[in-house]
Amino acid sequence: MVTNDDGIDAPGLRSLVRVLVSTNRYVVLVCAPDSEKSAVSHSITWRHPVAARRTNIDGATAYAISGTPVDCTSLGVSQALFPSVPDLVLSGINMGSNCGYHVCYSGTVGGAREAFFYGVPSISMSYNWVGGKSSIHDYTLAAEACLPIINALLAEIRNQTYPERCFLNIDMPTDVTNHKGYKLTKQGKSLFKMGWRQVTSETEGGKMLSTMTMETDSAAQTETNTSTALQDHTLFKREVKGVHIDDPDTDWQYLQEGYITVTPLAALSNAEADCQAYYKDWLQSVSERVSSSAL
């Protein structure tokens, strides 16, 4: 089953489905958002029903869902929409990489993580799109580059040797045609630092893409202050302030070097060992102070 966060009409998803169908090896299901849901992380729809609309995608059984990527995965593996649980969930191919701390923001990773919660093997897949260098055809090349991993993982699933305590996050380099091979990596701490600036309309300054770059619309730039904003509202828009990278030998570094990075992930958010040690002593001292004051 394929899902994503860029929406069911996104070229990354369509290219992935087309490549999967062309192999004649898979029964392909699609359960994806009906519109873009980038950077929604692991959010779910809770207060109202979601709508499922049958959509025509050649060679696949496809539904567009009025929910988040996690909603789509949850519905798709529940047997409420499809008659059986899929063997494997693929989330992507995302427009833009998902490395480092951005894994926490990513709806693409969220879609794969939800499958992991339900015990269904999964892979999140992202392509490091760069404006002016990348083209739509690169999604097809990226999907083809991942086929050996998909086939090998399905073999592990059939043989019941698949490690159930993790799922995979795959990032593909911009020049995917000349990639340097697969590289097993670990999640790093890379982060696009975000700031805010005040704007006078919802369209001022263009749209923030999932690649953490701005899509500038000339029509939007000429828009006057008579916008959708009410006079008693103050509008603020995110903007990229810079990139923070301080950890070698992790996903972002090897992606920039041209590797297809393969990073096992799970869902626990345990702090590093030195934090555990610090707070063990700290909490003990707090408890002792509370006991003393009680006397």
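So, which residues touch the most other members of the largest nonpolar core? Val30, Ile123 and Met172 do, in a core of 39 residues. By nonpolar core I mean a set of buried Ala, Val, Leu, Ile, Met, Phe, Trp, Tyr and Cys residues joined through side-chain atoms within 4.5 Å. Buried is under 20% relative accessible area, exposed is over 50%, and partly exposed is in between, with a 1.4 Å probe and protein chains only.

Before I go on, the housekeeping: this is a predicted model, where local features need pLDDT of at least 70, side-chain atom pairs count only at pLDDT 80 or more, and totals for chains, interfaces and linings use all residues. Residues are numbered from 1 along each chain as its sequence is written, and side-chain values use heavy atoms, with hydrogens and water left out.

Elements supplying at least two residues each include strands S2 (28–33), S6 (122–127) and S7 (167–172), plus helix H5 (137–158). H5 gives the most, with eleven residues. Helices here are DSSP runs of H or I, at least four residues, and strands are runs of E, at least two, numbered from the N terminus.

Take Ile123. Leaving aside neighbours within four places in sequence, its contacts (heavy atoms within 4.5 Å) include Val89, Leu90, Ile149, Ile150, Leu153 and Ile170. There's also a second, separate core of twelve residues, with Leu29, Cys31, Tyr63 and Phe82 among them.

Zooming out, the protein chain has eight helices and 13 strands, and 45% of its 295 residues are buried.

Gly92 and Ile93 are joined by a cis peptide bond, omega about 5°, and Ile93 sits in strand S5. Ser41 is in the loop between S2 and strand S3 (52–57), while Gln79 is in the loop between helix H2 (69–76) and S5. Ser41 is partly exposed at 21% relative accessible area, and Gln79 is partly exposed too, at 48%.

Last thing, confidence. Mean pLDDT, the predictor's confidence in each residue from 0 to 100, is 89 for the protein chain, and 89% of residues reach 70 or more. The stretch to watch is 217–229, where pLDDT stays under 50. Where pLDDT is low, the predicted coordinates should not be read in detail.

That's me, happy to take questions.
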